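This report walks through one protein chain, a few places at a time. Please look over the sequence and the model before reading on.

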Amino acid sequence: MQLQTNSLAKRRAASTRNAAIIFLVPAFLFLIIYIAYPIVYSFNLSCYDWNGFASNKVFVGLNNWKELMTDVVFRKAFLNNIIIMVLSIIVQLPIGIALATFLDFGGKKLNIFKVIWFIPMLMSSVAIGYLFKYALDANSGIISGISKLFGGNSIDLLGNPKTALLTITVAICWQFIPFYMVYFLAGYSNIPADLYEAAIIDGAKKSQYFWKIALPLIKPAIKSAIVLSMVGSLKYFDLIYVMTGGGPGNASELMATYMYKNAFLSQRMGYGSAIASGMFIIITIISLITIKALNRKEE
C-alpha cells in the first residue's frame, strides 16, 4: 500500500513538472528571443563600426564606448532623463494618490470620474505629442492665443531651451497620472473595509484615516510605483521625439532620442548600440540601487 502511494505521488509530481515545463518553455523562448538576445546582440554590435546596410562590419573594439564616455551630448541627455525622472516622481505619484483617495472616499457615485480621468492613458503617446505640439504652437497655440488676447506676444514654450524640457514633462505627467491613479486605487481595494468603518466608529476623521491607516498600508504600492516611474522616465522616446525631436539644440535631448538619431538618422549602428547598451547598464544600476534603498528603509 505504501509503495502504491509513493508511486502515485511520484506520478503526480512528474505530471505537474511536465505541465510546468510545457507552459514555461514558450515564455522562456519569448524572453530569450525578444529580450536576452537583443541585449547581447546590442553589446556585441557596440564593438563595430557599421552603417546598418553594408555587408561588412568593421571591428573597432571599445572605441564606441570611449567616445560615449566623453560625449557631451550624451551627458546632457542623461541629465535631462534624470530631471524628467525626478519631476515625474514628484508630480505623478502625489497627484495619483490624491485622485485615488478622492475616488476611494467618494465610492460608486464618482465612477464617472474614473472614466474621464483615465482617458489620457488610453491615447497613444504619438497622438498626445501632436496634441500638445499644436496646442503649444507659437503662432496658433492656446497659450500664445491667450497671450495675444491680452496684448502680449507669442509664447514659444517648446522652442525655448529654458522651458522645452519642463513643458514636455507636463505632457508626460498629463498622460501617466491616470495610470498611477488606477494603480493606487488597486492598492486601496486591498485594504479591508472593516478598517475604515472601525476608524470612523472610533472617532477618526477621514484625514486621520488616510495618514495613519491607508497611507502606511499602500506603501508597497508606492514603492513599486516609484520604480515604475523611474524606469519609464529613463527610457522615454516617442512623446519627446514628436514634440521637440530633442531640440531646440539639445535642450530636451534624451538618451533614447539620441540613440535613435545616431543609429538610424546618422547610420551609426555601432555607436547607437553603445548608447543603447549604456542605457541598459544605467537603468539597471539605478533600479537596483533604488529597490535596495526602499527595502532598507522598510527594514
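## A glutamine in a loop

Gln 267 counts as partly exposed, at 36% relative accessibility. The scale used here calls a residue buried under 20% relative accessible area, exposed over 50% and partly exposed in between, with a 1.4 Å probe and protein chains only. Gln 267 sits in the loop between H12 and H13. Helices (H or I, at least four residues) and strands (E, at least two) are DSSP runs, numbered from the N terminus. The phi angle of Gln 267 is near 55°, a positive value in a residue other than glycine.

The model is predicted: local features need pLDDT of at least 70, side-chain atom pairs count only at pLDDT 80 or more, and totals for chains, interfaces and linings use all residues. Residues are numbered from 1 along each chain as its sequence is written, and side-chain values use heavy atoms, with hydrogens and water left out.

## Salt bridges

How many salt bridges does the structure hold? There are 2 salt bridges, where the term means a side-chain nitrogen of Lys or Arg within 4 Å of a carboxyl oxygen of Asp or Glu. Side chains of opposite charge can pair when their charged atoms come close.

Arg 268 is partly exposed, with a relative accessible area of 29%, and Glu 67 is partly exposed, with 32%. Another salt bridge joins the side chains of Glu 253 and Lys 261, at 2.9 Å from N to O. Both Glu 253 and Lys 261 are buried.

## Regions from the UniProt record

The unreviewed UniProt entry carries the annotation "transmembrane region" for residues 20–40, 78–103, 115–132, 164–188, 209–231 and 269–291. UniProt positions are given in the numbering used here, feature names are shortened, and annotations may be inferred rather than shown by experiment. In the model, residues 20–40 are 100% helix and 0% strand, with end C-alpha atoms 27 Å apart. Residues 78–103 are 100% helix and 0% strand, and their end C-alpha atoms lie 36 Å apart.

The unreviewed entry also gives "domain: ABC transmembrane type-1" for residues 78–292. Over residues 78–292 the chain is 76% helix and 0% strand, with the end C-alpha atoms 22 Å apart.

## Two packed helices

Two packed helices are described by the angle between their axes and the distance between the axes. Helix H9 (residues 206–217) packs against helix H10 (residues 219–233) at about 55°, with the axes 4 Å apart. Axes are lines fitted to C-alpha atoms, for helices over the stretch in contact, and angles run from 0 to 180 degrees between N-to-C directions. H9 and H10 are therefore oblique to each other; angles under 35 degrees count as roughly parallel, over 145 as roughly antiparallel, 65 to 115 as roughly perpendicular and the rest as oblique.

Which residues of H9 and H10 meet? Leu 215, Pro 216 and Leu 217 in H9 are in contact (heavy atoms within 4.5 Å) with Lys 219, Pro 220 and Ile 222 in H10. The residues of this contact divide into 5 nonpolar, no polar and 1 charged. Ala, Val, Leu, Ile, Met, Phe, Trp, Tyr, Cys and Pro count as nonpolar, Asp, Glu, Lys and Arg as charged, and the others, Gly among them, as polar.

## Buried residues and their contacts

Is Gln 92 buried or exposed? Gln 92, in helix H3 (residues 72–106), is buried, with a relative accessible area of 0%. Beyond its neighbours within four places in sequence, Gln 92 is in contact with residues including Ile 172, Phe 176, Tyr 180 and Ser 229.

Thr 290 lies in helix H13 and is buried, with a relative accessible area of 16%. Not counting residues up to four places away in sequence, Thr 290 touches Ile 226, Val 227 and Met 230. Ile 191, in the loop between helix H7 (164–189) and helix H8 (193–201), counts as buried at 11% relative accessibility. Ile 191 and Ile 218 are 27 residues apart in sequence and 8.3 Å apart in space, C-alpha to C-alpha.

## A cis peptide bond

The peptide bond from Gly 247 to Pro 248 is cis, with omega near -5°. Pro 248 is in the loop between helix H11 (238–243) and H12 and counts as partly exposed, at 25% relative accessibility. Leaving out residues up to four places away in sequence, Pro 248 touches Leu 158, Gly 159, Asn 160, Pro 161 and Ala 164.
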